[in-house]
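I opened this entry to record what I looked up in the structure.

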Amino acid sequence: LLAFRACNFVWFIIFFAQETRKNANLAGKPHGSLTAVRAEFPPDYTTWCFYTQPWYWLLAVASSLMHLLLPEEGATATWVVRAGRYLRMCQWTLFEVILSSSWLVTLVVFTMLDPFAIRIVWNRVSHMHFWNAVALSVEFSINRLVVRAGHFVLMMIWIITYVIFAWCMKATTWYTFVYWFMDLETPFALMWYPILAAIHVLVYFSLVAFSRRKERR
């Protein structure tokens, strides 16, 4: 598990560095229909989710190392042991958010943004649209972490934060939304926003069901 996490950390940090450099190089240049000029901060939800994933793999590697090197919970409660406990809590929290978000992005891209195009597997951003979800699912299948129904609020806080960001940017800087289904200027918003909310529920509670099966086995 440690080796798998370390490999993913290296893989994700390489892509993270490439994406950060690309956004930095494009900052201040014309952005076409979205806004007058590009900003260094990513405007799309996909990149928001992807940027959190190197942090998860870093926490996961640290958690594995602490598990191997530190005494058991029943041993002397040093500050290092307590720090390890908090680190694992942060890892678990982040895992529940990014696992569900990665599959949400994959599902939305495959059904709404680029409908049923198999190139999602090998296009230039497949690491953000598909393979990250695969890597996290493998991690889910071999670790002890589960997705709790009561923690759905964590995912909702994450997506609502992005929605508020997008609304604020649309009101101040953007000409249009990054995603057409977020448009508030047509009555179709009354349809698309509930549909997106339902997709969130479907993805998250599917993972909850898998978690319950995982615990039983």
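**Helix α6 against helix α7**

I began with helix α6 (residues 152–172) and helix α7 (residues 189–216), whose axes come within 11 Å and cross at roughly 150°. An angle over 145° counts as roughly antiparallel, so α6 is roughly antiparallel to α7. I noted the handedness as well: α6 passes α7 in a right-handed crossing. The model is a predicted one, which I keep in mind for every entry here.

Next I listed the residues that make this contact. From α6 they are Phe 152, Met 155, Ile 159 and Trp 167, and from α7 they are Tyr 193, His 200, Val 201, Tyr 204 and Phe 205. Sorted by class, the contact of α6 with α7 has eight nonpolar residues, one polar residue and no charged ones.

**Helix α1 against helix α5**

I then turned to helix α1 (residues 2–26) and helix α5 (residues 131–142), which pack at an angle of about 165° with their axes 11 Å apart. That angle makes α1 roughly antiparallel to α5. Here I wrote down a left-handed crossing of α1 past α5.

On the α1 side I found Phe 4, Arg 5, Asn 8, Trp 11 and Phe 12, which meet Trp 131, Asn 132, Ala 135, Val 138, Glu 139 and Ile 142 of α5. By class, I have seven nonpolar, two polar and two charged residues for the contact of α1 with α5.

**Ser 101**

I looked up Ser 101, which is found in helix α3 (residues 79–113). Met 155 was already in my notes as one of the α6 residues in contact with α7.

**The chain as a whole**

I counted seven helices and zero strands in the protein chain, and the pattern along the sequence reads α-α-α-α-α-α-α. The radius of gyration is 19 Å, close to the 17 Å that the globule rule gives for 217 residues, so I recorded the chain as being as compact as a globular protein of that length. Along the principal axes, the C-alpha atoms fill a box of roughly 60 × 40 × 35 Å.

Of the 217 residues, 39% count as buried. Last, I checked contacts with a separation of 6 or more: residues 24 or more positions apart account for 74% of them.

Conventions:
Residues are numbered from 1 along each chain as its sequence is written. This is a predicted model: local features need pLDDT of at least 70, side-chain atom pairs count only at pLDDT 80 or more; totals for chains, interfaces and linings use all residues. Side-chain values use heavy atoms; hydrogens and water are left out. Axes are lines fitted to C-alpha atoms, for helices over the stretch in contact, and angles run from 0 to 180 degrees between N-to-C directions. Helices (H or I, at least four residues) and strands (E, at least two) are DSSP runs, numbered from the N terminus. Angles under 35 degrees count as roughly parallel, over 145 as roughly antiparallel, 65 to 115 as roughly perpendicular and the rest as oblique. A crossing is left-handed if the near helix is turned anticlockwise from the far one by less than a right angle, and right-handed if clockwise. Contact means heavy atoms within 4.5 Å. Ala, Val, Leu, Ile, Met, Phe, Trp, Tyr, Cys and Pro count as nonpolar, Asp, Glu, Lys and Arg as charged, and the others, Gly among them, as polar. The radius of gyration is taken over C-alpha atoms; the globule rule is 2.2 Å times the number of residues to the power 0.38. Buried means under 20% relative accessible area, exposed over 50%, partly exposed in between (1.4 Å probe, protein chains only).
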